[in-house]
Amino acid sequence: MADHTEGLSPLATGIKGRCPRCGEGHLFKGFLTVAEGCEICGLDFSFADSGDGPAVLIMFPVGTIVIVGWLITDALFGWPAIAQLFIWLPMTLILSLLLLRPFKGVMINLQYKTGARPGGGPGEREDL
Ligand SMILES: [Zn+2]
């Protein structure tokens, strides 16, 4: 099948969890489990390996939101630390779970679009 990825944004298809080649097939078969292939165009998803990338990228915005939120509510209302924990610990979990799938989808779509592959260990690369 012809590769027609030029018109597809890896950001848009990744956020929606769609195939990087056709933009229609489902990238995930579970919450975070990558499907074996696209049910529309047949693209094999075995290249997909986002590693720790999505988790690392999510830590920065979620950590910022939670810490700034804690500081603002502490300054405005002076809630005790245990009350703050009851708010911000679940908020951390909820925000992380909401962002993890779209971030993973975008990383896999970018991986396909750029041809990025996991690096090899010392001595495994032939171009050095
Ligand atoms: Zn597809």
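Predicted model: local features only at pLDDT ≥ 70, side-chain atom pairs only at ≥ 80, totals over all residues.
## Helix H2

A kink of about 25 degrees is located at Met59, shortly before the proline Pro61.

The buried residues of H2 are Gly53, Pro54, Ile58, Val62, Val66, Gly69 and Thr73. Helix H3 is included in what covers these residues. After H2 comes Gly78, which has a positive phi near 65 degrees.

## Helix H3

Helix H3 comprises residues 81-114 and has a kink of about 30 degrees at Leu100, shortly before the proline Pro102.

Among the buried residues of H3 are Gln84, Trp88, Leu95 and Pro102, together with Lys104, Asn109 and Tyr112. The buried residues of this helix pack against H1 and H2. Just after H3, Gly115 adopts a positive phi of about 75 degrees.

Gln111 belongs to helix H3. Its relative accessibility is 7%, and because buried means under 20%, Gln111 counts as buried. A polar atom of the Gln111 side chain lies 3.0 Å from the backbone nitrogen of Asp49.

Leaving aside residues up to four places away in sequence, Gly23 touches Leu8, Thr13 and Arg18.

Gly23 and Cys38 are 15 residues apart along the chain, and their C-alpha atoms are separated by 9.6 Å.

## Annotated transmembrane regions

An unreviewed UniProt entry carries the annotation "transmembrane region" for residues 55-73 and 79-100. In the model, residues 55-73 are 100% helix and 0% strand, with end C-alpha atoms 26 Å apart.

For residues 79-100, the chain is 91% helix and 0% strand. The end C-alpha atoms of this second span are 30 Å apart.

Note on methods
Residues numbered from 1 in each chain as written. Heavy atoms only, no water. Contact = heavy atoms within 4.5 Å. Bend = angle between axes of the 7 residues up to and from the residue. Helix = DSSP H or I, 4+ residues; strand = E, 2+ residues; numbered from the N terminus. Buried < 20%, exposed > 50% of the residue type's maximum accessible area, 1.4 Å probe, protein only. Polar contact = N/O pair within 3.5 Å; in protein donor to acceptor, adjacent residues only side chain to side chain. UniProt positions renumbered as here; feature names shortened; annotations may be inferred.
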